[in-house]
Amino acid sequence: MRIIIFKRPSWRNIALWGILLFVLIAYRENVTSVFSGKLKPIYSATVNTQAIGLTFDISWGEKTAEPILDILKKEGIHATFFLSSPWADKHQTLVQRMVTEGHEIGSHGNRHIDLNTLAASEIEHEISTAQQVLEKITGQKVRLIRAPNGAYDNKVIATANKLGYRVIQWSVDSLDWKRPGSSAVINNVINGIRSGGGAKSGDIILFHASDSAPDTVQALPTVIQNLKTKGHTLIPVGQLLSQASSTWPPESNLTEKPLAPAQ
């Protein structure tokens with residue numbers, strides 16, 4: 001007969017298991033997200049309208065934002081501006097103009113740094129710091145965020161969601177920051193970087209209103225007119241999400257109810 005002898009676990013092993021259990025309980029949301037591999041930002045939305053989300057990122061610059069606002073006002077278009085808090089703090093009059101003219105303000109973080117390189121506590125600090133600045137200037141709640149450089153991982157998505165944010169990516173990239181010329185920017189949006197990839201209903205278009213993208217001012221009127229001719233309406237992302245039955249990819253559906261439009 002074989003006798004099996006069970007060794008009594010050492011106090012060291014008990015302590016290690018205790019620490020692991022504490023981490024799993026205390027940080028269960030982040031631990032789940034890290035291992036699930038299923039957290040994604042919102043790239044586009046499923047809508048029954050011809051609506052397209054129009055977005056602009058701003059982190060620096062003095063010359064580009066105002067002409068873009070002039071174009072949008074002339075065309076009767078409202079958009080979402082994702083602003084870094086240092087730029088917003090330095091350009092409060094422009095930010096208040098955005099709000100007055102009906103544009104939606106989203107967060108582009110505090111420092112222009114890849115959030116996925118930071119610990120969860122640092123990500124939370126970056127988002128919260130930007131939120132305090134943006135909400136003080138605008139007098140509105142800010143609940144959409146676009147990560148600087150579009151850099152994300154499960155940790156970024158989970159932390160933003162914990163703070164009440166939805167992370168917004170894009171499905172149509174103008175590549176205006178590369179300064180390819182206004183014709184190329186127009187083509188990237190209307191026809192797509194790849195054939196058949198042009199803007200369509202439910203898409204989210206990425207432009208920049210920083211001085212690093214001077215071609216945007218020249219390209220924007222043509223893009224707007226072309227999409228209007230095709231029957232599309234250009235609206236802020238919050239409004240697009242309020243019309244959506246779902247978002248893409250499926251892993252971006254972190255809440256059951258669509259986000260209400262900004263008030």
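Let's start with the outward side of helix α6: the face turned away from its buried side carries the exposed residues S121, H125, Q132 and K136. Exposed here means over 50% relative accessible area, buried under 20%, and partly exposed in between, with a 1.4 Å probe and protein chains only. Before I go on, this is a predicted model, so local features need pLDDT of at least 70, side-chain atom pairs count only at pLDDT 80 or more, and totals for chains, interfaces and linings use all residues. Residues are numbered from 1 along each chain as its sequence is written, and side-chain values use heavy atoms, with hydrogens and water left out.

Which residues of α6 are buried? They are I123, E126, I127, A130, Q131, L134, I137 and T138. These residues cover an arc of only 135 degrees around the axis, which puts them on the same side of α6; the arc is taken from the directions from the helix axis to the C-beta atoms. As a reminder, an α-helix has 3.6 residues a turn, so residues three or four places apart point the same way.

What covers that buried side? The cover includes β3 (80–83), α4 (85–90), α5, β4 (104–107), β5 (144–145) and α7 (154–162). Helices (H or I, at least four residues) and strands (E, at least two) are DSSP runs, numbered from the N terminus. The length of α6 also checks out: its 19 residues, 120–138, should span 27 Å at 1.5 Å a residue, and the end C-alpha atoms are 27 Å apart, which agrees. That expected span is 1.5 Å times one less than the number of residues. Just after α6, G139 takes a positive phi of about 70 degrees.

One of the elements covering α6 is α5, so let me stay with α5, residues 92–100, because R97 is found there and R97 is buried, at 18% relative accessible area. Which side chains does the side chain of R97 reach through polar contacts? One partner is D70, at 2.7 Å, and another is E101, at 2.8 Å. A polar contact is a pair of N or O atoms within 3.5 Å; within protein, one must be able to donate a hydrogen and the other to accept it, and residues adjacent in sequence count only if both atoms are side-chain atoms. Setting aside neighbours within four places in sequence, R97 is in contact (heavy atoms within 4.5 Å) with E66, L69, D70 and K73.

On to the aromatics. A pair of aromatic rings is described by the distance of the centres and the angle of the planes. Rings of Phe, Tyr and Trp (its six-membered ring) pair if their centres lie within 6.5 Å; planes under 30 degrees apart count as stacked, over 60 as edge-to-face and the rest as tilted. By this rule the count comes to three aromatic pairs. In the pair of Y43 and W248, the centres are 5.9 Å apart and the planes at 75 degrees, so the pair is edge-to-face. Y43 sits in the loop between α2 (28–36) and β1 (44–46), and W248 in strand β10 (residues 246–248), so the pair ties together parts 205 residues apart in sequence. Y43 is buried, with a relative accessible area of 18%.

F56 and F207 form a stacked pair, 5.5 Å centre to centre with 20 degrees between the planes. F56 is in strand β2 (residues 51–58) and F207 in strand β8 (residues 204–208), 151 residues apart, so this pair links distant parts of the chain. How accessible is F56? F56 counts as buried at 0%, and F207 is buried at 0% too. Together with F81, F56 and F207 form one aromatic cluster.

A few backbone details next. The peptide bond from W248 to P249 is cis, with omega near 0 degrees, and P249 lies in the segment after β10. N149, in the loop between β5 and α7, has a positive phi near 65 degrees without being a glycine, and N149 is exposed at 52%. R179, likewise not a glycine, has a positive phi of about 55 degrees; R179 is exposed at 51%.

To finish with the whole protein: there are 10 helices and 10 strands, and 47% of the 263 residues count as buried.
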